[in-house]
Each structure stands twice: as structure tokens, then as C-alpha cells.
Amino acid sequence: MTRDISIRPATPADFETVASILARTWRETYSGIVPDALVAERSNLAWQLDTWREHFADAASLAGTWLGSLDGEPAGVALVRETSGEDAPRPLELKLCYTLAVAYGSGLGHALIDAAIADRPAWLWMFDGNDRAEAFYRKHGFQREEPWFTRSWGHLYDGGDYRDIRLVR
């Protein structure tokens, strides 16, 4: 069965839709991978609305935000930004790329990556232990950066030890 996939740049009118997608994807993606307190915070719609309000009010920030729909329903979002300096291993960061679980395997994630970065060199942070995401990004040419580059968030939530890993292509 072929699904109808469409990708377009996000507009200020998409603010609540994107916040809603991100709240839901946090629950669907990270439960069991990161501390429950972090999932609860980031899957809270009010938190997402507060977080993204300023982003959607700034045309320069919004320029790298993409909204994906599956069969006419918003189901994914990607955000890309240009980077430079010592901390940026590539000129482009894929800041986020999320699809709702109903879109897994549909091609929506691939279409979001294609729209946001195409085949350009890029990098991203990913929670260590998110094997599904790592396999997805590997299909798109991303590999763990060598030497393995991580950052820890453990001190922020529940004292747990969890990390981001950096992937590059």
C-alpha cells in the first residue's frame, strides 16, 4: 500500500501542530530509554508549546523547520541549522527528526531527511540506547563519530546516567 507523503517548510501557523507532534513523539520514542521524569517533562504539551513559541516567532529560526504529513495528517517534523566552529564537525546539524509511531516504516522519516539535508554532510545528537533511531540514521549515511563523542545528561534527571552520542556523515 502506497502512503501519501508530503513535506513542506513549517510556517508560524504550524506552531501548535509541531509542539503536539513533539510531545507525542517523546512518549513514543523515549519511554524506557531515558528517565521517566525527562519523558514526562518533554511529552507535556504545555512544555513543548513554551519551548517552541519563540522558535516559531523568529523567521530566521523557522527557516530550517520542516513539517511532514502522512495521508494528509501531520506526523513528523525535522529541524536543521547551519553550524560552525570547533564543536561542529560538519556545517549542518540535524537538530531533530521525529515521526509519530504510526508513520514508522512509511518513508516519512526518509522524506524529512531528504527535504532538510538531502545528501549534504551533517551531524546530529542522539540518545545512546535508541537503537531504532541509530539504525534509521545509519541507513542515511550517519555513523558514530570517532573517537566516540558523547555528552552526559545524567545529573539533570533522576541522577541516572544517560548520554547523547554524536553521529556524522
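Where is the place of alanine 118? Alanine 118 sits in the loop between helix 5 (108-116) and strand 5 (123-127). This is a predicted model, where local features need pLDDT of at least 70, side-chain atom pairs count only at pLDDT 80 or more, and totals for chains, interfaces and linings use all residues. Numbering starts from 1 along each chain as its sequence is written, and side-chain values use heavy atoms, with hydrogens and water left out.

**View 1. The whole chain, to get your bearings.** There are six helices and eight strands here (DSSP runs numbered from the N terminus: helices are H or I with at least four residues, strands are E with at least two). Walk along the sequence and the pattern reads β-α-α-α-α-β-β-β-α-β-α-β-β-β. Of the 169 residues in the chain, 47% are buried (buried is under 20% relative accessible area, exposed over 50%, partly exposed in between, with a 1.4 Å probe and protein chains only). Take the contacts between residues at least 6 apart in sequence, and 65% of them join residues at least 24 apart (a contact is heavy atoms within 4.5 Å).

**View 2. Phenylalanine 15 at helix 1.** Phenylalanine 15 belongs to helix 1 (residues 15-30). Its relative accessibility is 13%, so phenylalanine 15 counts as buried. Leaving out residues up to four places away in sequence, phenylalanine 15 touches Leu49, Trp52, Arg53 and Phe56. Alanine 57 is 42 residues from phenylalanine 15 in sequence, and the C-alpha to C-alpha distance between the two is 8.9 Å.

**View 3. The largest nonpolar core and isoleucine 117.** This core has 44 residues, with Ile117 and Tyr137 touching the most other members (a nonpolar core is a set of buried Ala, Val, Leu, Ile, Met, Phe, Trp, Tyr and Cys residues joined through side-chain atoms within 4.5 Å). Helix 1 gives the largest share of this core, seven residues. Setting aside neighbours within four places in sequence, isoleucine 117 is in contact with Val80, Leu92, Ala122, Phe142 and Arg169.

**View 4. Two loop residues with positive phi.** Back to alanine 118: phi is positive, about 50 degrees, although this residue is not a glycine. Alanine 118 counts as partly exposed because its relative accessible area is 33%. Now for aspartate 71, which is in the loop between strand 2 (65-70) and strand 3 (73-82). Phi of aspartate 71 is near 50 degrees, a positive value in a residue other than glycine. With 37% relative accessibility, aspartate 71 counts as partly exposed.
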